[in-house]
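This report concerns a single protein chain, shown below by its sequence and its structure.

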Amino acid sequence: MTKSSKKPSKPSPFRPLPAYPGPSISWSPIVPNPEWEMTIAGDLFEQQTELLEKLVELPRRSAGLIYIDSCGGNAYVGLALASIIRLRGLRAAAVVTGECSSAALMPLAACRERYVTPHASLLFHPIRWQSDDQLKLEEAVEWARHFRWMESDQDQLLARLFNCSVELITEWSRPGRFLSGRELADAGLAHLLDLFDSHDLWQQIEKHRFEQAHKKGPDRQTELAWA
């Protein structure tokens, strides 16, 4: 019998390390810390001065929450609110608590995040011409020309703010249509909140942001966080 020439192997000086645990994907409620909260409520024309002053007094590029319950009003006021939100770089999240109709759709669309309950109502309709002034014929003709341009321009602006097609806004606005919060969410223009969820508003928003961040990847995960 011959002995095997194979020498017994020596134990390796290296030992395998356990796998490093990856990032956790579980979610636990974290209360966000917005810098401010405000409301847009009632007729926009009646609240015009107060609302514009509130927005201007907020710190530039700050993060906050806007509760909306408004039937709308003057189209110029809605445009002004949306313009200030965008021009001042406000990182606003809007929550429709009741109604958001007509001109109030502008500030809603201007917010970075939009939240609705399934029970909210939103009315889309064309701009309405209303004037109590006694106009001369020439003034009426000029107003009609401007009105036609303004109607088209605001449809396009609303579509761009909502990040949707002009055709969708036109479909809802001509001749006019009430949408529920659920319908707006189904169209991808807002996110649903549940009044009967065990988590409160802050936790629902934080959960939504967590889910969106992981869908978009690690390089985008901080975009939805409060400052």
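**Basis of the description**

The model is a predicted one, in which local features need pLDDT of at least 70 and side-chain atom pairs count only at pLDDT 80 or more, while totals for chains, interfaces and linings use all residues. Residues are numbered from 1 along each chain as its sequence is written, and side-chain values use heavy atoms, with hydrogens and water left out.

**Overall architecture**

Of the 227 residues, 38% count as buried. Here buried means under 20% relative accessible area, exposed means over 50%, and partly exposed lies in between, with a 1.4 Å probe and protein chains only. The accessible surface of the chain is about 14,700 Å², and 53% of that surface belongs to carbon and sulfur atoms; the areas come from the Shrake-Rupley method with a 1.4 Å probe, and for residues only the protein chains shown count as cover. A contact means heavy atoms within 4.5 Å. Among contacts between residues at least 6 apart in sequence, 74% join residues at least 24 apart.

**Strand pairing**

Two strands are taken to pair if DSSP finds at least two bridges between them.

| Strand pair | Bridges | Opposite residues |
|---|---|---|
| β1 and β2 | seven | I40 and I68 |
| β2 and β3 | seven | S70 and C100 |
| β4 and β7 | two | V116 and L192 |

β2 is mostly covered, with seven of its ten residues buried. The chain passes from β1 through α1 to β2 in a right-handed β-α-β crossover. A crossover is right-handed if, with the strands pointing away from the viewer, the path from the first strand over the helix to the second runs clockwise. β2, α2 and β3 likewise form a right-handed β-α-β unit.

In a regular strand the side chains alternate between the two faces of the sheet. In β4 (residues 113-116), E113 and Y115 point one way and R114 and V116 the other, and all are buried. The path from β3 (residues 91-100) through helix α3 (residues 105-110) to β4 is also a right-handed β-α-β crossover.

In α1 (residues 48-57), the buried residues are L51, L52 and L55. Seen down the axis of α1, these residues fall within an arc of 95°, so they line one face of the helix; the arc is that of the directions from the helix axis to the C-beta atoms. T49 and E57 are exposed on the other side of α1. The buried residues of α1 pack against β1 (36-43) and α2 (75-87).

In α5 (residues 166-173), I169, W172 and S173 are buried. The buried residues of α5 also fall within an arc of 95° down its axis, so they line one face of the helix. The exposed residues E167 and E171 are carried on the face of α5 turned away from its buried side. The cover over the buried residues of α5 includes β5 (121-124), α4 (137-162), β6 (177-180) and α6 (181-186).

**Backbone geometry in the loops**

R174 and P175 are joined by a cis peptide bond with omega of about 5°, and P175 lies in the loop between α5 and β6. R61, which is not a glycine, has a positive phi of about 60°. R61 is located in the loop between α1 and β2 (63-72) and is exposed, with a relative accessible area of 59%. N163, also not a glycine, has a positive phi of about 60°. N163 belongs to the loop between α4 and α5 and counts as exposed at 70% relative accessibility.

**Confidence of the model**

The predictor's confidence in each residue is given by pLDDT, from 0 to 100. The chain averages a pLDDT of 83, and 77% of the residues score at least 70. Among the elements, α3 has the highest mean pLDDT (98) and α4 the lowest (84). Over residues 19-31 pLDDT stays under 50, and the model has 14 contacts beyond four places in sequence for this stretch. Over residues 219-227 the pLDDT is below 50, with 19 contacts beyond near neighbours in sequence. Where pLDDT is low, the predicted coordinates should not be read in detail.

Key
Helix = DSSP H or I, 4+ residues; strand = E, 2+ residues; numbered from the N terminus.
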